[in-house]
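This report looks at selected contacts and helices in one protein structure. Please keep the sequence and the 3D view at hand while reading.

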Amino acid sequence: MGAAMDLKSGYPYWAIKNGLMRPFPPLAGDLHCEIAIVGGGITGALIADHLQTAGHDVAVIEQRDIGWGSTAASTALLQYEIDTPLLELARRLGERDAARAYRACAQALDRLRELAREIRDVGFAWTDSLYLATHWRERTGLAEEASARRRLGLQVEYLDAGELTERFGLTRPAALLSRQAACVDPYRMTHRLLHRMATRGARVHDRTCVVEILPRPRSVLLRTAENAQVHARHVVLASGYAAQQWLRQRVARNHSSYAFVSDPVAPEALGFLRRTMLWETARPYLYLRTTPDHRVIVGGEDDRVDIPARRDARVVKKAHALNRKLRELLPHLDCAPAFAWAGTFAETEDGLPFFGPHPQHGGRVHFAMAYGGNGITYSRIGAELLLARIERRHHPLAALFSFQRLARR
């Protein structure tokens, strides 16, 4: 336990663009704090920042360099749209809980926008989201999905094939156009948040591997590979997909997703892509967005490979497959891969995350498993859930986004 998982392959764009932004010191001795966050990626940063802003004494511990795990490989499409459609989620969990999950994600987007304005310079941009039908038989389902979302107050339009061609030049059976979505540079946002926290007195340590977690009645003891001890009242395991190593119970399955980024494209050639992200109903689905410097990031070709060497060997082939799909969708766009990479991602059965304690570790060890296609959005919700839990306050989403949900199966 505690050894670093190999979470990415190839050359993730954010790591190349930003480099090693800012070093943080490894933990050199014992540390005492109120809340220890294990994980220095975007999930850990969002949670730690929220807890510190609420007045708590927080320390962050990361086994790699800050942001160098899955965060560096994220394509960072920020959506309220969960991988499980609203109507399907309602069939699984009931209409009330499905509605609460979707509304919470929409509210989280607004809060992420506010946070990006505070820290600035994180490549945040508000966009539209265009969800494309793959098959003609999906038209009725998409129309019903649009109606259900509008009843929740979400800004979404159903576009038939003619409207889709007229407005976007795309040849697909139908689409949903949502007005609430965003993009961000997740690696840069992680560093900016943690640097701000450090200037406010938080202790941030990278290259420090936690190898043992020892819950106690009123505290938690962490031991590192260098024999340092961290004494905390609460611990939050925000180590992404690696957090599953601390559970005997399997709550999600790891897969691999692939992506590439193009060289800069002339803005006029991008057209509507400058303000719209695309994804589709097919599984695995193709998805794409642009960057502030007019590159196109294309992702998808997901598979069930969770062996780093096999994932490494597939990056180039998968990038070419993604490029072929892009050319089929947008024939006018010349976007050959400049850099390609792959990363681990995890999926839960219902597409929802897990935040909070697990019975295996007692009430002071909290998990932050922001799994699924919109992990950054989930992480912002999780920050509020964990704050409420630590402060012993009720939160209306606590049961829905916790391990209690597993009892329903």
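## Aromatic pairs

The model is a predicted one. In it, Phe168 is buried, with a relative accessible area of 12%. Phe272 is likewise buried, its relative accessible area being 12%. A search of the whole structure finds 12 aromatic pairs. Phe168 and Phe272 make an edge-to-face pair, because their ring centres are 5.0 Å apart and their planes stand at 80°. Phe168 belongs to helix H7 (residues 161-168), while Phe272 is in the loop between helix H9 (267-270) and strand E13 (276-280), so the pair ties together parts that are 104 residues apart in sequence.

Phe367 and Phe403 form another edge-to-face aromatic pair, with 5.8 Å from centre to centre and 90° between the planes. This pair links distant parts of the chain, 36 residues apart: Phe367 is in strand E18 (residues 365-369), and Phe403 is in the segment after helix H11 (375-390). Phe367 is buried, with a relative accessible area of 0%. Phe403 is buried too, at 8%.

## An aromatic cluster and charges over rings

Aromatic residues also gather in a group: Tyr131, Trp279, Tyr285 and Tyr287 form one cluster.

Arg113 places its charged end over the ring of Trp126, at 3.9 Å from the ring centre. Arg405 lies over the face of Phe354, and here the distance to the ring centre is 4.4 Å.

## Salt bridges

Side chains of opposite charge can pair when their charged atoms come close. A search of the whole structure finds 29 salt bridges. One of them joins Glu212 and Arg223, whose closest N and O atoms are 3.4 Å apart. Glu212 is in strand E9 (residues 210-215) and Arg223 in strand E10 (residues 220-224), so the bridge ties together parts that are 11 residues apart in sequence. Glu212 is partly exposed, with a relative accessible area of 32%, and Arg223 is partly exposed at 27%. Glu391 and Arg393 form a salt bridge as well, with their closest N and O atoms 2.9 Å apart. Glu391 is partly exposed, with a relative accessible area of 30%, and Arg393 is partly exposed at 43%.

Are Lys318 and Glu301 buried or exposed? Both residues are buried. They form a salt bridge in which the closest N and O atoms are 3.8 Å apart. Lys318 is in helix H10 (residues 308-329) and Glu301 in strand E15 (residues 296-303), so this pair ties together parts that are 17 residues apart in sequence. Lys318 and Glu301 are also members of a network of salt bridges, in which they are linked with Asp303, Arg314 and Lys325.

## Helix H6

Helix H6 (residues 139-151) has 13 residues, which at 1.5 Å a residue should span 18 Å; its end C-alpha atoms are 19 Å apart, which agrees. Just after H6, Gly153 takes a positive phi of about 90°.

Leu142, Glu145, Ala146, Ala148 and Arg149 are buried in H6. Viewed down the helix axis, the buried residues of H6 fall within an arc of 165°, so they line one face of the helix. An α-helix has 3.6 residues a turn, so residues three or four places apart point the same way. The face of H6 turned away from the buried side carries the exposed residues Thr140 and Arg151. What do the buried residues of H6 pack against? Their partners are helix H4 (86-93), helix H5 (95-119), strand E5 (125-132), strand E6 (156-160) and strand E7 (174-183).

## Helix H4

In helix H4, the buried residues are Leu86, Leu89, Ala90 and Leu93. They cover an arc of only 105° around the axis, which puts them on the same side of H4. H5 and H6 are among the elements that cover the buried residues of H4. Gly94 follows H4, and its phi is positive, near 100°.

Definitions and conventions: Residues numbered from 1 in each chain as written. Predicted model: local features only at pLDDT ≥ 70, side-chain atom pairs only at ≥ 80, totals over all residues. Heavy atoms only, no water. Phe/Tyr/Trp six-rings, centres within 6.5 Å; stacked < 30°, edge-to-face > 60°. Helix = DSSP H or I, 4+ residues; strand = E, 2+ residues; numbered from the N terminus. Buried < 20%, exposed > 50% of the residue type's maximum accessible area, 1.4 Å probe, protein only. Lys NZ or Arg CZ within 6 Å of the ring centre and 35° of its normal. Salt bridge = Lys/Arg side-chain N within 4 Å of Asp/Glu carboxyl O. Expected span 1.5 Å × (residues − 1). Arc of directions from axis to C-beta. Contact = heavy atoms within 4.5 Å.
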